[in-house]
Amino acid sequence: MKKKLKSVYFDVVIAGGSIAGLLCAREITSEGFSVLVIEEDHEIGTPEHCGGLVSIAGLEELGIIPFKKTYEHMIEFAKITSPNGSSFTINSKKQKVVEISRRELDKQIAFQAQKNGAVIKVRTSFQEITDRGIRTNEEKIDCKIFVDARGISSLIQKDRNGILSSAQYEIYADWIKKGKVEVIFDQEKYPGFFAWVIPSNEGKGKIGVAGKGINVSETLEKILEQKGNYSTIRKIFAPIWVNGPIEDFVEGKTVIIGDAAGQAKPTTAGGIFTSGMGGVYAGQAISKFLKTNNRTDLNEYQKKWTDRFGNEFEKQVFARKILERIDNKTINKIFESITPEIIKDISEKDDFDFHTSSIIKLLGIKGSIKTAQALIGGELKKLLD
Ligand SMILES: Cc1cc2nc3c(=O)[nH]c(=O)nc-3n(C[C@H](O)[C@H](O)[C@H](O)COP(=O)(O)OP(=O)(O)OC[C@H]3O[C@@H](n4cnc5c(N)ncnc54)[C@H](O)[C@@H]3O)c2cc1C
């Protein structure tokens with residue numbers, strides 16, 4: 001016999017109990033509206049699909065003071081390596097970047113949202129939009145607004161073009177140094193992206209890789225073989241989105257936020273801050289709309305996010321196009337042209353969240369190197385606009 005579905009009501013239902021969805025829930029409930037967050041996994045924050053790198057300024061803007069359990073440690077250096085093995089190191093102390101535990105961070109935001117009155121249900125998945133709201137695997141829920149915060153799984157259904165596969169292993173290895181992130185470029189091994197090491201502590205951290213059309217687990221195993229001894233604690237495989245924001249964040253009564261709206265950085269796929277801010281801005285706009293019933297208030301969300309990140313994301317998309325086009329020889333040449341002054345300038349002035357200014361300096365666009373200019377000519381102007 002078919003089970004009869006019961007019907008309930010919330011002002012807003014949010015599918016996806018991760019950073020964007022939970023921040024959105026926190027904002028809406030702070031204005032007294034009822035919110036249900038449904039999360040298909042069995043635990044908030046798990047499985048963790050993240051390196052956990054975020055700026056302190058970003059966390060502050062998201063309204064999060066990390067708990068002791070969340071805060072892992074400060075990143076002081078970033079070592080960038082070219083295909084031929086030459087490297088330079090940026091001192092990132094001034095950029096105030098930390099490595100945090102996403103498991104704990106997401107739980108901390110869940111707690112903030114719950115304290116404001118949000119109801120959170122795990123092992124509950126969004127199935128479809130109905131006339132009066134949505135349907136989960138358990139019941140029909142009526143709501144005024146549905147928020148899609150399902151991350152990249154939502155984008156995969158719409159557009160596979162900007163998606164790369166990634167693998168990230170949590171490992172113990174004595175060659176992992178506390179406070180030092182590593183980024184390794186090699187267009188033959190990791191086309192269009194890079195490999196990374198993010199320490200969690202001395203001898204412990206995450207190593208990952210992404211790239212176009214590669215077998216990420218085989219590639220990562222090869223990197224590990226070359227690095228030395230290690231023990232694997234956890235493996236994750238997850239898609240990343242590198243094409244920037246989708247066109248419309250609001251479609252009828254559906255509001256799309258976070259990675260589902262393409263709000264992760266096109267250069268690094270980092271989205272704690274930018275996708276999180278999508279959740280914050282959307283939450284504020286939805287609360288206003290629920291008070292006024294004026295759609296202009298709802299659309300304010302896209303305007304606010306675009307005013308804050310639109311220009312930087314456009315530049316990052318161009319920087320990504322450049323990376324997709326150049327070969328190892330060109331990257332090696334670019335590395336050769338990087339002077340101690342450029343490194344000092346980046347270390348002292350640049351911003352982790354708005355980092356195209358660093359890319360411009362590294363590419364030597366302001367004068368010194370001709371190779372990159374000759375290869376990528378027209379695109380460069382767009383990066384500088
Ligand atoms: C390997 C890797 C490393 C990364 N490292 C960093 C980093 O160091 N720094 C950084 O800033 N960013 C990093 N990111 C990106 C960052 O993790 C994301 O940008 C961020 O988590 C996006 O948050 P979100 O809330 O939009 O979506 P997600 O975190 O993807 O959450 C979506 C949620 O929706 C749930 N869901 C999906 N379908 C349904 C459904 N039908 N019903 C109910 N729930 C559903 C999922 O279970 C999930 O919990 C990394 C990503 C990857 C893959």
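Searching the whole structure turns up one cavity of 30 Å³ or more. Here a cavity is a set of points, on a 1 Å grid over the protein atoms alone, where a 1.4 Å probe fits but cannot get out. The largest cavity holds about 40 Å³ of space, a volume being the space filled by probe spheres set on the points, with grid points joined across faces, edges and corners. This is a predicted model, in which local features need pLDDT of at least 70 and side-chain atom pairs count only at pLDDT 80 or more, while totals for chains, interfaces and linings use all residues. Residues are numbered from 1 along each chain as its sequence is written, and side-chain values use heavy atoms, with hydrogens and water left out.

As for what surrounds the largest cavity, the lining consists of Glu48, Cys50, Gln168, Tyr169, Glu170, Lys206, Arg234, Lys235 and Ile236 (lining residues have an atom within 4 Å of a point). Two elements give two or more residues to this lining, strand 14 (163-172) and strand 18 (231-241); strands are DSSP runs of E with at least two residues, helices are runs of H or I with at least four, and both are numbered from the N terminus. By class, the lining splits into three nonpolar, one polar and five charged residues, where Ala, Val, Leu, Ile, Met, Phe, Trp, Tyr, Cys and Pro count as nonpolar, Asp, Glu, Lys and Arg as charged, and the others, Gly among them, as polar.

On to the ligand. It has 31 residues around it, of which Ser18, Glu39, Gly51, Leu53 and Asp259 come nearest (a residue is near if one of its heavy atoms lies within 4 Å). Polar contacts, pairs of N or O atoms within 3.5 Å, include a ligand nitrogen 2.7 Å from a polar backbone atom of glycine 51. Ligand oxygen atoms also sit 3.0 Å from a polar backbone atom of alanine 20 and 3.2 Å from one of histidine 49. On its own the ligand has 1,000 Å² of accessible area, and the protein covers 87% of that (Shrake-Rupley method, 1.4 Å probe). Helix 1 (19-29), strand 3 (35-39), strand 14 and strand 18 each give two or more residues to the shell. That shell has eleven nonpolar, 14 polar and six charged residues. At least three come from each of domain 1 (7-71 + 100-159 + 244-309) and domain 2 (163-241), with bounds from an automatic or database domain assignment.

One backbone detail remains: a cis peptide bond, with omega about -5 degrees, joins threonine 46 and proline 47, and proline 47 is in the loop between strand 3 and strand 4 (53-55).

Technical notes:
1 Å grid on protein atoms, 1.4 Å probe; cavity = no way out; pocket = protein on both sides within 12 Å on 5 of 7 lines; lining within 4 Å. Polar contact = N/O pair within 3.5 Å; in protein donor to acceptor, adjacent residues only side chain to side chain.
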